[in-house]
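Please look over the structure shown below.

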Amino acid sequence: MLRSAKRIQRPSGLLDFPLRPHTYPFRACAQRWMSARPEKRQADEANGTPPPRKKVTIAHLQALRASRTPITMLTAYDYPTGRACEAHGIDITLVGDSLAQVCLGYDSTTRLTLDELLHHTRAVARGSRAPLLVADMPFGTYLASPEDALRSAVRVVREGGADAVKMEGGMELVETVRKLTGVGIPVMAHVGLQPQRHVALSGYRAQGRDAESALHVLRSALALEEAGAFAAVVEAVPHALGTYISRRLTRMVTIGIGAGAGTDGQVLVWDDMLGTWHGHQAKFVRRFAQVDREVERGVRAYADAVRERSFPALEESYEMPKGQWEKFERLAEDVVGTA
Ligand SMILES: Nc1nc(=O)c2c([nH]1)NC[C@@H]1CN(c3ccc(C(=O)N[C@@H](CCC(=O)O)C(=O)O)cc3)CN21
Ligand SMILES: CC(C)C(=O)C(=O)O
């Protein structure tokens, strides 16, 4: 309750500093949150304000899995996208390292630094309370040793405000996942296509397309579940394999991207899904909206209106109270002289 309360209540003056929980006014925030009365809630519903969503927990995700209700995950990179995931019922918000490409203009996710990831995670966290907030561990911040990974993950949770961290990899991450889950940092694994390895893989290629490679993906998933990961992204594998892995796991929730309809949930990149990304589009992307068209329409209409002076209209401008303009003109004459 305390953790969830802090996100929406963060005062804007402190935003660009790493959060220091012991100096932060969590108590007051939490109390304000907890004192929300049922009467107030009914009033909010009556005037159209939706009731606050309950925090999504790992237990809740497991319950969704058990009832075969697909889990929805979407990436977010800033405050407004965090708010949109919060407001429109997304279960898990992921500050993905795709941030590097779709938001920061790098040519690869391997360019992203931990500080850049933290900067964006804090922004998403300010707009996000109910969805489970997961942040990607950037390339090179979790690979040297489990201790190295722990140091990075602590920053992601403490400074970024994430609930959990995600990391790409298989068997080689088992000790790291044990270490993090052992100190209470939930880990989402990421198997199948691992974009941080795109150079070593000779491109963004689907994985597990032959029997040996499929077995390797299955083994990774089983080992990461055994190590304690609560969930795993399964990326770009044949749909039959996505389904098979999801059925064989007992606790770990699978979130597919290009892994077919048989995983426990789905994830897409915000800009792919809304049609604002114009780089390469993978086979698994579906555009659920064409926001780019609206962006173009809006920007062109604005520029046209400025050029033809139809913007701003009189109603979009300020008036002076009666008599003040005449008074101003008399006073101004003393300053600039009569023409
Ligand atoms: N905008 C965006 N969306 C993403 O899903 C995404 C990123 N960026 N950046 C980081 C990674 C890179 N991703 C990608 C990028 C391309 C393919 C792709 O084109 N795959 C081929 C498969 C080719 C093969 O199987 O050999 C495809 O046709 O889908 C897959 C994942 C996923 N992630
Ligand atoms: C596509 C998702 C799963 C991801 O890892 C990212 O956004 O970086």
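This is a predicted model: local features need pLDDT of at least 70, side-chain atom pairs count only at pLDDT 80 or more; totals for chains, interfaces and linings use all residues.

The report below takes up a strand and its neighbours, then the ligands, then a helix.

Strand β3 covers residues 132-136, and five of its five residues are buried. Side chains in a regular strand alternate between the two faces of the sheet. In β3, L132, V134 and D136 lie on one side, with L133 and A135 on the other. Both faces are covered.

β3 runs parallel to strand β2 (residues 92-95), joined by four bridges. It also runs parallel to strand β4 (residues 164-168), joined by three bridges. V134 is the bridge partner of L94, and V134 also stands opposite A164 in β4. From β3 the chain passes through helix α8 (residues 146-158) to β4, in a right-handed β-α-β crossover.

## Ligand surroundings

The shell around ligand 1 has 18 residues; Y204, R205, A206, A282 and K283 come nearest. By class, 10 are nonpolar, four polar and four charged. Helices α6 (99-102) and α12 (270-274) each supply at least two residues of this shell.

Around ligand 2 are T75, L94, G96, D97, S98, D136, V233, I257, V267 and V269. That shell divides into five nonpolar, three polar and two charged residues. D136 of this shell is also one of the buried residues of β3.

## Helix α14

Helix α14 spans residues 324-336. At 1.5 Å a residue, its 13 residues should span 18 Å, and its end C-alpha atoms are 18 Å apart, which agrees. The number of buried residues in α14 is zero, so the helix lies largely in the open. G337 follows α14, with a positive phi near 80°.

How values were computed. Residues are numbered from 1 along each chain as its sequence is written. Chains are lettered from A and ligands numbered from 1 in the order in which they are written. The expected span of a helix is 1.5 Å times one less than its number of residues. A residue is buried if 20 or more other C-beta atoms lie within 10 Å of its own, exposed if 12 or fewer, and partly exposed in between; C-beta atoms are placed from the backbone. A residue is near a molecule or strand if its C-beta atom, placed from the backbone, lies within 6 Å of it. Ala, Val, Leu, Ile, Met, Phe, Trp, Tyr, Cys and Pro count as nonpolar, Asp, Glu, Lys and Arg as charged, and the others, Gly among them, as polar. Two strands pair if DSSP finds at least two bridges between them. A crossover is right-handed if, with the strands pointing away from the viewer, the path from the first strand over the helix to the second runs clockwise.
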